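This report concerns helix packing, helix ends and the loops beside them. The sequence and the model are shown first.

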Amino acid sequence: MGLIVGLVFGAISIVAGIIMAIMGAFVSNIIIFDSVVLALAGSITANTLLHIHPAFCLLIGIGLFIGLLFLQHSKYGFWIIGGVLTLFWSFAFGMITYILSDDKIWFYVVWGLSAVFVAGLHFYAREQIV
């Protein structure tokens, strides 16, 4: 019985550690996190929708990552990509809240607050780079 409890707590600890690592990456440098997420999404989309070989999808993902980092270091690229992704992440947080609470007021409050928070993360990461 103790072995089962230990395995369950071990599995919970591993999952919690992975979640905390992802959250830490999100907060510590959101520009790199955004680039990684978009590169993964682009390479997975290239594989599933366009049926491109996974080796080429890896190269596409690497190219997207480097291209997005370059764009986010430029003046206009930062505003375009940072603005769109701020809206995306804040909407995602609001939607998660709406799914969990089924309350539109909480959706709008979390969406607004997280938009301010994520925009602040983008500005902070931009200042660290420059």
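The text below treats the helices, then their packing, and then individual residues.

The model is predicted: local features need pLDDT of at least 70, side-chain atom pairs count only at pLDDT 80 or more, and totals for chains, interfaces and linings use all residues. Residues are numbered from 1 along each chain as its sequence is written, and side-chain values use heavy atoms, with hydrogens and water left out.

Helices (H or I, at least four residues) are DSSP runs, numbered from the N terminus. Helix α4 has 27 residues and extends 39 Å from its first C-alpha to its last, close to the 39 Å expected at 1.5 Å a residue; the expected span is 1.5 Å times one less than the number of residues.

In α4 the buried residues are G77, F78, I81, G82, L85, T86, W89, S90, G94 and T97. In α5 they are F107, V110, S114, V118, L121, H122, A125 and R126. An α-helix has 3.6 residues a turn, so residues three or four places apart point the same way.

Side-chain oxygens are also placed at the starts of these helices. S74 caps the N-terminal end of α4, where its side-chain oxygen lies 3.2 Å from the backbone nitrogen of G77. At the start of α5, a side-chain oxygen of D103 comes within 3.2 Å of the backbone nitrogen of I105. Both are described as polar contacts, that is, pairs of N or O atoms within 3.5 Å in which, within protein, one must be able to donate a hydrogen and the other to accept it; residues adjacent in sequence count only if both atoms are side-chain atoms.

Two packed helices are described by the angle between their axes and the distance between the axes. Axes are lines fitted to C-alpha atoms over the stretch in contact, and angles run from 0 to 180 degrees between N-to-C directions.

| Pair | Angle | Axis distance |
|---|---|---|
| α2 and α4 | about 80 degrees | 11 Å |
| α2 and α5 | about 105 degrees | 8 Å |

The angle makes α2 roughly perpendicular to α4, a term for angles of 65 to 115 degrees. Helices α2 and α5 are likewise roughly perpendicular to each other.

Contact here means heavy atoms within 4.5 Å. I31, F33, D34, V37 and L38 of α2 meet F78, L85 and W89 of α4. These residues comprise seven nonpolar, no polar and one charged; Ala, Val, Leu, Ile, Met, Phe, Trp, Tyr, Cys and Pro count as nonpolar, Asp, Glu, Lys and Arg as charged, and the others, Gly among them, as polar. On α5, V118, L121, H122, A125, R126 and I129 meet I30, I31 and D34 of α2. By class, that contact has six nonpolar, one polar and two charged residues.

H51 lies in the loop between α2 (30-48) and α3 (54-73). Its phi is near 55 degrees, a positive value in a residue other than glycine, and H51 is exposed at 66% relative accessibility. D102, in the loop between α4 (75-101) and α5 (104-129), has a positive phi near 55 degrees as well. D102 is exposed at 60% relative accessibility.

G63 belongs to helix α3 and is partly exposed at 40% relative accessibility. G63 and A39 are 24 residues apart in sequence, with their C-alpha atoms 7.9 Å apart in space.

Conventions. Helix = DSSP H or I, 4+ residues; strand = E, 2+ residues; numbered from the N terminus. Buried < 20%, exposed > 50% of the residue type's maximum accessible area, 1.4 Å probe, protein only. Parallel < 35°, antiparallel > 145°, perpendicular 65-115°, else oblique.
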